[in-house]
Amino acid sequence: MEKVNGILDAGVQDELRRRFNPDGSLLRRHQLRALEILKEVHDLCTRHGIRYYLCSGTLLGAVRHGGFIPWDDDVDIEMRWTDYLKFLKYAKKELKGKYRLQTHATDSNYFMTFAKVRDESTFMAEYTGKDRRFKYRGIFIDVFYTERILKMFATITWRLKVWNVSLSSKNPYSVLKPVCTLFYYLNHYVLHMAFRLLNLPFLPFCHSYLAMGHGFLGKRDNKDIFPLTTISFEGMEFNCPRDWDSYLRKIYGDYEKLPDLDKLHIHSVETVIP
């Protein structure tokens, strides 16, 4: 029987597509808009030699499904911290038209420690409600960065970020926003830099994590990731880790096994696509 990227039977894949994201469905249209953003980011990174790669559920979808996980509605990419700083520099200048780079610098109500790229010709609302004060609320892809850092430091900055984001969604926001802003700068710049300095003696023994403040603490080994290769995702070629099998197993374990399909939810509760 035909395989999808060597993992999933085509018949199973077709059944999942019919159930979750058939052609023309709102979720499928959402996914295709996210794919357009990914292509825009891929082109930008290629122009400037920025080493990004598909990660997390997006890489899992590429390997297991040949594209999006049928019930997933976002795209995740990773890059090293140095590449991330380079990405921010060029994305601010070169993302035009309907695309917006979202960081705290471009959206003062956004207190995440990683960036998003959004399509502002669309609208979405996440089920957590923590995006309700964001300036930009279009369909997005997440842009994460990794560092070789002690897991303790990654965990502390993640918990502080979660507290700040939660506080920013409460009332009265006019009073809380200055507090959240001050806390963001203390956490994102002062504490992060202090941890980087404290981490220097331990650098030879550190794994890479999505750090700091991200909260996804599955370890990343550079030997699994570099040099990058490519993988087909929705019929297009994008960067991915060299040893994607080892990368996925360290995060998900038996990633080939499907989850309980009756207990799934997607991130958004409302999506508007003109």
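**Salt bridges, strand pairing and helix burial**

At 65% relative accessibility, Asp-23 counts as exposed. In this predicted model, the side chain of Asp-23 meets that of Arg-17 in a salt bridge with an N to O distance of 2.6 Å. Arg-17 is partly exposed, its relative accessible area being 22%. The pair belongs to a set of 18 salt bridges found in a search of the whole structure.

A further salt bridge is formed by the side chains of Glu-36 and Lys-98 (3.4 Å, N to O). This pair links distant parts of the chain, with Glu-36 in helix H2 and Lys-98 in the loop between H4 and strand S5 (99-102), 62 residues apart. Both partners count as partly exposed, at 36% relative accessibility for Glu-36 and 30% for Lys-98. Between Asp-221 and Lys-250, the side chains meet in a salt bridge at 2.5 Å, N to O. Asp-221 lies in the loop between strand S9 (208-210) and helix H7 (222-225), whereas Lys-250 is located in helix H8 (residues 244-252), so the pair ties together parts that are 29 residues apart in sequence. Asp-221 counts as buried at 13% relative accessibility, while Lys-250, at 30%, counts as partly exposed. Salt bridges with shared partners also join Arg-33, Glu-36, Lys-98 and Asp-119 into one network.

Helix H2 (residues 26-48) also contains His-30, which is buried with a relative accessible area of 2%. Beyond its neighbours within four places in sequence, His-30 is in contact with Asp-73, Met-124, Ile-139, Ser-268, Thr-271 and Ile-273.

Strand S4 (residues 75-80) is mostly covered, 5 of its 6 residues being buried. Strand S3 (residues 52-54) runs antiparallel to S4 and is joined to it by 3 bridges, with Tyr-53 standing opposite Glu-78 in S4. S4 is also joined to strand S8 (residues 139-148) by 6 bridges, and these two strands run parallel. Asp-142 in S8 is the bridge partner of Asp-76.

Helix H6 has a kink of about 30 degrees centred on Leu-191. Buried residues of H6 include Tyr-173, Leu-176, Cys-180, Tyr-184 and Arg-196; their cover includes helix H4 (81-94), S8 and helix H5 (151-168). Leu-182, also placed in helix H6 (residues 173-199), is exposed with a relative accessible area of 53%. Together with Tyr-185, Leu-186, Tyr-189 and Val-190, Leu-182 makes a nonpolar surface patch of about 520 Å².

Conventions
Residues numbered from 1 in each chain as written. Predicted model: local features only at pLDDT ≥ 70, side-chain atom pairs only at ≥ 80, totals over all residues. Heavy atoms only, no water. Patch = residues over 30% accessible without salt bridge, like charges linked within 9 Å, V, L, I, M, F, W, Y side chains within 5 Å. Areas by Shrake-Rupley, 256 points an atom, 1.4 Å probe, with all protein chains shown as cover. Salt bridge = Lys/Arg side-chain N within 4 Å of Asp/Glu carboxyl O. Helix = DSSP H or I, 4+ residues; strand = E, 2+ residues; numbered from the N terminus. Buried < 20%, exposed > 50% of the residue type's maximum accessible area, 1.4 Å probe, protein only. Pairing = 2+ DSSP bridges. Contact = heavy atoms within 4.5 Å. Bend = angle between axes of the 7 residues up to and from the residue.
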